[in-house]
Amino acid sequence: MTPLSFGVALVAFVILGPLLGCFLTGADRIITARMQGRVGPPFLQPYYDVRKLLAKERRSLNSFQGYYLILALIMTILSGAFFFAGGNILLVVFLISLSSLFFIIAAYSTRSPYAEVGAGREIIQVLAYEPMIILLGVFFFLITDSFDTSAVASLELPLVVALPLVFAGLLFILTIKLRKSPFDLSFSHHAHQELVKGITTEMSGRSLAVVEITHWYENVLFLGYVGLFFVWAPPSTLILAVVVALAVYFLEIVIDNSFARVKWQFMLSWSWIVSLLCSALSLVLLAVLNGFVV
Amino acid sequence: MVILASLVIVPLITALLLLVFRSNRARAVLVIAAVVLLVALSLVLTVRYLPASSGFAVAQSGIVSYVMLGVDLLCCLYVLYRGIRASNYLAIFLAALQGILALVYEFGFSHNAAVSTDVYVDALSLIMTLIIAVIGGAICVYALGYMQSYQEHLEHEGSRLAVSGEPSRVAEALRLIRDRRHVFFALMFVFLAAMFALVFSNRLSWLLTAWEVTTVCSFALIGYDRTEESIRNSFRAVVVNLSGGLAFTLALIMLAGGGTPIFELDKLIEAGVDGALVLPLMLLAFAGITKAAQMPFQGWLLGAMVAPTPVSALLHSSTMVKAGVFLLIKLAPTFGWNVPGLFVLIVGALSFLGCTALAISQSNAKRALAYSTVANLGLIVCCAGVGTPEASWAAIFLLIFHAAAKALLFCCVGTAEHHLGSRNIERLDNIFVRMPWLASCMALGMMAMFIAPFGMLVSKWAALVSLIESGHLELLFVLAFGSALTFVIWAKWLGKVLAIGREDERISTRVSRTETVSLAFMAFLLIALTLAIPYVSELFVMPYLWETGQILQLPLWSTASDVLGYDNLMIVSVVFMVMLALLAVQILRRRPPSNDTVYLAGVGADSEERSYYNAFGELSDATQRNWYLDELFGEKILVRPATILLSAVIAVFFIFGIILELMLV
């Protein structure tokens with residue numbers, strides 16, 4: 001990753017990230033509506049929503065919440081830029097954790113009972129998905145001998161061939177990261193399974209718009225993770241990656257509409273079991289493939 | 001050489017003066033002057049010797065050896081005396097055995113041995129010197145104000161007891177009231193002197209003496225309050241650390257009695273690299289593990305928090321436990337895929353995972369900090385056990401940044417405890433409104449413990465990479481799950497500290513000036529270190545690795561490049577600058593006051609107070625307790641199995657070590 005490639009990726013991600021994220025959410029809302037037998041909103045409804053939020057009167061409990069949310073947004077943008085510029089995959093993970101932390105602090109800063117419940121649940125969600133994300137970086141290195149995401153461009157076979165189980169583990173925790181039911185514990189897009197509004201209870205107007213935009217960026221970044229498993233040397237494979245990422249997103253929508261929210265104990269224990277099993281078996285698989293026994 | 005000697009002598013003289021001049025004013029002048037002098041000396045030493053390492057022979061080393069032996073025996077006698085008074089037979093036994101073995105070692109082997117290098121300086125001992133002088137010094141200055149209000153608190157308690165009128169109570173009250181702060185400060189400085197001696201000694205018998213002095217200083221400081229609990233805990237600490245010291249002495253005797261007698265640290269490491277030593281290395285590693293409070297010995301460090309907070313700050317950041325990991329990092333070149341290496345690595349890794357989980361369940365701020373210390377030291381120990389230059393890089397980085405962050409955190413918790421009257425994390429409520437700058441320092445310290453772009457995260461990142469490169473794939477699980485657990489400890493606590501509740505009285509102004517200044521200094525130091533991450537690596541850590549590689553003729557070490565790459569370190573530094581810039585914007589911005597009310601589901605009574613009408617129409621406060629996940633990570637669930645498991649690990653490894661040693665002979 002050179003400063004130039006980072007600069008290009010940064011500009012591209014800043015502009016294209018929310019566009020794609022907005023379109024994804026728009027499609028999500030229409031597909032979800034159709035699954036539920038409704039017509040659904042216009043495709044650009046997420047954009048209209050955010051525009052309206054931005055125009056609302058500014059109300060906040062303190063002057064810090066907005067600041068933390070902006071920091072969360074900036075860290076997400078930075079990590080996405082590093083990811084798509086071919087930067088260090090662990091750095092991407094750490095910046096995403098930083099972004100999550102600021103989001104959590106933003107909720108805690110209000111000292112609001114409902115927001116605190118949401119923030120506590122968000123922490124449990126981080127606890128659930130973080131190990132798999134870190135292990136994914138490790139396996140990435142074991143295959144490509146580099147931590148730079150750009151290393152996939154010199155692979156002869158896609159990562160998914162060598163690491164099918166790691167990919168499965170990623171899919172499992174992706175539901176948490178994309179905030180899809182049954183793992184949308186900290187706040188849900190579905191009104192029917194939310195007590196108040198979880199972690200975003202005290203966020204309104206501009207703050208809520210920032211949260212929404214951050215979420216768009218995050219969705220694109222994590223679909224990028226999915227795509228990473230399907231890119232190898234020929235540049236045309238990028239198209240395959242995009243198609244698979246979209247298919248996975250569709251799968252997540254199906255899951256979202258098929259399951260009711262679970263308790264945190266279920267989410268935590270199954271995420272850890274799946275992460276542990278997937279990575280341990282992957283290690284064994286790699287050892288067998290490499291023809292040596294650890 | 002003169003600077004080396006004065007770094008040990010200046011704190012000792014200060015300690016004596018502190019015992020003589022007992023007024024508050026004289027104490028403040030003495031402590032501040034001594035700390036400034038120590039910091040200046042350590043800076044001069046750094047400029048003078050960095051990056052090369054040099055060794056010196058001490059003229060009249062025989063006399064120094066006698067003095068050192070005398071000090072060691074005094075330490076043993078002191079523990080004996082206290083042990084007899086408290087009828088603690090284990091402590092008596094260990095202290096007596098220690099004294100006898102020290103005599104045997106000195107006169108049976110060491111005294112007339114030809115030693116070419118008595119003391120040395122290298123980049124690692126310079127790093128330690130700076131940590132001891134700067135962070136240890138800041139804690140001593142902090143203690144000035146802290147102990148003032150601590151003494152006032154004791155006197156308050158004492159007078160309350162005295163008023164109750166019972167004769168037995170009155171005696172206790174008088175004992176409580178007695179001002180022994182001169183002893184406290186003298187001990188703090190002896191501690192610093194012992195630490196300096198420890199990082200410069202190449203002659204093993206001197207190293208042993210310094211090691212024992214830190215044990216006894218911590219013993220005396222933990223028992224400072226003279227309450228039943230503090231005496232019990234101080235004995236727990238001294239028993240564990242004397243066992244470590246005993247292992248240390250046994251190792252020295254084995255080394256001296258071997259085919260080619262070894263009396264020097266550098267020779268020991270050389271022999272260890274050649275694979276000629278197994279059991280002595282394991283014994284030394286055991287000593288390091290006890291001092292670093294690794295599981296199953298974590299109990300002594302947790303018990304140590306009964307002492308006044310500056311003691312905890314000192315024990316956790318710049319002295320004591322750091323002596324343990326310092327020794328292990330020094331020995332790191334001898335570790336790797338061998339029995340001692342795996343022993344150290346497994347104990348460290350399990351301590352990291354176990355204590356991280358345990359820290360989540362703690363609502364007592366000091367206990368949570370203590371578990372987090374053991375966990376982080378576990379990671380350092382684990383990295384030392386891996387034995388590659390990359391892992392050592394990570395270990396040294398962890399050592400530096402842990403010292404800076406933990407000192408700040410302990411001091412913050414101490415001040416908060418004095419002014420809010422509780423060390424319970426839940427009682428920190430609204431601290432951001434009541435003591436905004438203290439809450440900010442605390443938040444800084446917490447973030448520095450676990451998140452990008454701070455040093456601890458960078459070190460963990462490096463640890464991860466070095467573990468992969470050295471083929472320890474099983475440990476990656478430990479690190480991945482451990483990191484996620486770490487996030488929970490700090491994120492929930494951070495949320496508590498940064499919460500902004502109702503308008504409340506500001507009480508920051510009541511904090512004493514020395515406390516404020518040293519807290520601000522420690523926060524500044526942490527920020528500066530974080531900004532300078534690439535330079536810390538280039539100027540201090542890498543030179544140490546290269547030097548070590550050249551001296552020991554280890555090609556991997558002498559050509560090591562930093563684990564993460566200079567570019568990534570720079571990126572981290574830049575990310576931090578972005579954060580600081582945004583922080584400045586937030587501070588400078590004109591802040592709109594709160595113009596909204598908190599959501600209380602339509603039955604809210606008072607938004608400021610977070611109160612509402614409950615189902616009976618009565619007024620209730622909406623309160624929220626943090627998650628402690630007791631049913632998963634509680635002490636009741638984890639401590640026992642972890643203790644059994646780790647004791648078994650240690651036992652099995654020592655059996656292996658003894659068998660191997662017999663085979664070598």
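**Exercises on a predicted model**

A:Pro182 is found in the loop of chain A between α7 (164-177) and α8 (205-228). The model used in these exercises is predicted.

**Exercise 1.** Find the residue joined to A:Pro182 by a cis peptide bond.

*Solution.* Start at A:Pro182, in the loop between α7 and α8 of chain A. The cis peptide bond joins A:Ser181 and A:Pro182, with omega at about 10°. As background, most peptide bonds are trans.

**Exercise 2.** Locate B:Pro453 and describe the peptide bond between B:Ala452 and B:Pro453.

*Solution.* B:Pro453 has its place in the loop between α19 (436-450) and α20 (455-469) of chain B. The bond joining B:Ala452 and B:Pro453 is cis, and omega is about 0°.

**Exercise 3.** Classify B:Ser87 as buried, partly exposed or exposed, and give its phi.

*Solution.* B:Ser87 is in the loop between α3 and α4 (89-110) of chain B. Its relative accessibility is 41%. Phi of B:Ser87 is near 45°, a positive value in a residue other than glycine. Most residues other than glycine have a negative phi.

**Exercise 4.** Compare the places and accessibility classes of B:Arg85 and B:Arg226, two members of a patch of positive charge on the surface.

*Solution.* The patch gathers B:Arg22, B:Arg85, B:Arg175, B:Arg178 and B:Arg226. B:Arg85 lies in helix α3 (residues 61-85) of chain B. With 64% relative accessibility, B:Arg85 counts as exposed, because exposed means over 50%. B:Arg226 is in the loop between α8 (204-222) and α9 (228-257) of chain B. At 36%, B:Arg226 counts as partly exposed. B:Arg226 also has a positive phi of about 60°, although it is not a glycine.

Technical notes. Residues numbered from 1 in each chain as written. Chains lettered and ligands numbered in written order. Predicted model: local features only at pLDDT ≥ 70, side-chain atom pairs only at ≥ 80, totals over all residues. Heavy atoms only, no water. Patch = residues over 30% accessible without salt bridge, like charges linked within 9 Å, V, L, I, M, F, W, Y side chains within 5 Å. Areas by Shrake-Rupley, 256 points an atom, 1.4 Å probe, with all protein chains shown as cover. Salt bridge = Lys/Arg side-chain N within 4 Å of Asp/Glu carboxyl O. Lys, Arg positive; Asp, Glu negative; His and termini not counted. Charge placed at Lys NZ, Arg CZ, Asp CG, Glu CD. Helix = DSSP H or I, 4+ residues; strand = E, 2+ residues; numbered from the N terminus. Buried < 20%, exposed > 50% of the residue type's maximum accessible area, 1.4 Å probe, protein only.
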